[in-house]
Amino acid sequence: MTLFANQFNRLTQRRASSLYRQCQVNDAPTGRLFFANGRSYLNFSSNDYLGLAQHPDVIQAYQQGAARYGVGSGGSPLVTGYQQAHHQLAEQLSDWLGVDRVMLLTSGFSANQLVLKTLLEADDLLLQDKLNHASLIDAGLTSQASMRRFLHNQPEALLKYLSRSDATNKLVVTEGVFSMDGDQAPLHQMAQICEQHQAWLMVDDAHGIGVLGQQGRGSCDVYQVQPQIRMATFGKAFGVGGAMVGGSDDLIAFLTNFGREYIYSTAMPAAQACAVQAALSLIRQQQQQQQLRENIQCFKSLMEQTPWTMMASDTAIQPLWVGSSETALALSQALREKGFWVSAIRPPTVPQGQARLRITLTAAHQQQDIVQLAESLNELAVVFAQNEVMP
Ligand SMILES: *Cc1c(COP(=O)(O)O)cnc(C)c1O
């Protein structure tokens, strides 16, 4: 036996259920193409929304950062791993977002663990949107607070929980742009409700930062809200990797002093912080956002003419509704044969019976790429309807 018996059974079941997952080696640089099995595909599953992963300025900043600082930070931030490049980046981010202070983390996943687990105590109330990312849900479950999940994007549901609660500390957490749905949280209403009920608001803007708002400041800028806690990642629109948490001086000082994910983990390499600085400067100049918006518009209007059901979204995440995992896989496979890389998203990433293709657009796509994808989906609609597997 090479695995505990229970776990072996779970793995066997998963292999049999169209839910099995494995990494696919991509032999192309991050960007418009995906290269696997000896052929290249147009990549419609990337979160590199602005195409910055391959931008010469960002690459150069990374290289120069490595030459100046070395390739690793050599320690956790509170020991020796916090270098000038980290400090500069944190200052630039807090300036840009208009928050007192920002701390840097190596991943968004650990940033969310850090915030919820460190901040919340046993008598606190944590309210999360039902569709929040796994990193938030897991963090909430391991925090000491009692957690409730309100109906997706429904402020009235949130209000009901808040008005019933007599907890002293209440924290409401939502994503700005939902990662598997592409829709946006009604942040203005949520912020109002939170204020009325003395609750704090935390926005995880992994998919809004860099692409939405003035100078790419993200979802909070779009809705003109100032949540007490902001989380953003550098692995999506920034094209690099890492994450930040922003808030008041006291909040960040508290998280720095008590957050185990921060204290006991090696800091991101300074070179990476240099690359994020370069990406930030491009984001603030807003040269890529317009191309992305045009690509989204182009795709949406083409898809209106196909029989497929698109989920309501104005962002770079354009999910095509399927339902069954088998059909989602079959459609993803059929697209692959036509030269498109589009991942099927299945449970447990989304609820049972809600499998979909998560199509993402980026500024790196050319108009012709998008036209080809829509045409191929149109052709496949006929095939799938004939096989009676059309959702
Ligand atoms: C991707 C993502 C994260 C995790 O960020 P990483 O830096 O990739 O670990 C957290 N929250 C949301 C909503 C995300 O989409």
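1. In this predicted model, 22 residues of domain 1 make contact with 20 residues of domain 2. The interface between domain 1 and domain 2 buries about 1500 Å², and 55% of this area is on carbon and sulfur atoms.

2. The domain assignment places residues 21-50 + 287-386 in domain 1 and residues 55-285 in domain 2. Between the C-alpha centres of the two domains the distance is 27 Å.

3. The largest nonpolar core comprises 66 residues, and within it Leu93 and Phe238 have the most contacts. Helix α12, which spans residues 270-285, is the element that gives the most to this core, contributing ten residues. As a general background, nonpolar side chains in soluble globular proteins tend to be buried together.

4. The surroundings of Leu93 can be listed individually. When neighbours within four places in sequence are left aside, Leu93 is in contact with Val102, Leu104, Phe234, Phe238, Met244 and Leu280. One of these partners, Phe238, is the residue named with Leu93 as having the most contacts inside the largest core. Apart from that core lies another, made up of 24 residues, including Leu114, Ala139, Val245 and Leu251.

5. Turning to the strands, which partners does β11 have in its sheet? Strand β2 (residues 39-43) runs parallel to β11, and two bridges join them. Leu42 has Phe340 in β11 as its bridge partner.

6. A further strand pair involves β4 (residues 125-129) and β5 (residues 146-150), which pair in the parallel sense over five bridges. Within this pair, Leu126 is bridged to Met147 of β5. What is the handedness of the β-α-β crossover from β4 to β5? The chain passes from β4 through helix α6 (residues 134-142) to β5, and the crossover is right-handed.

Conventions. Residues are numbered from 1 along each chain as its sequence is written. This is a predicted model: local features need pLDDT of at least 70, side-chain atom pairs count only at pLDDT 80 or more; totals for chains, interfaces and linings use all residues. Side-chain values use heavy atoms; hydrogens and water are left out. Two strands pair if DSSP finds at least two bridges between them. Helices (H or I, at least four residues) and strands (E, at least two) are DSSP runs, numbered from the N terminus. A crossover is right-handed if, with the strands pointing away from the viewer, the path from the first strand over the helix to the second runs clockwise. A nonpolar core is a set of buried Ala, Val, Leu, Ile, Met, Phe, Trp, Tyr and Cys residues joined through side-chain atoms within 4.5 Å. Buried means under 20% relative accessible area, exposed over 50%, partly exposed in between (1.4 Å probe, protein chains only). Contact means heavy atoms within 4.5 Å. Domain bounds come from an automatic or database domain assignment. Buried area is the accessible area (1.4 Å probe) that two parts lose on being put together, summed over both.
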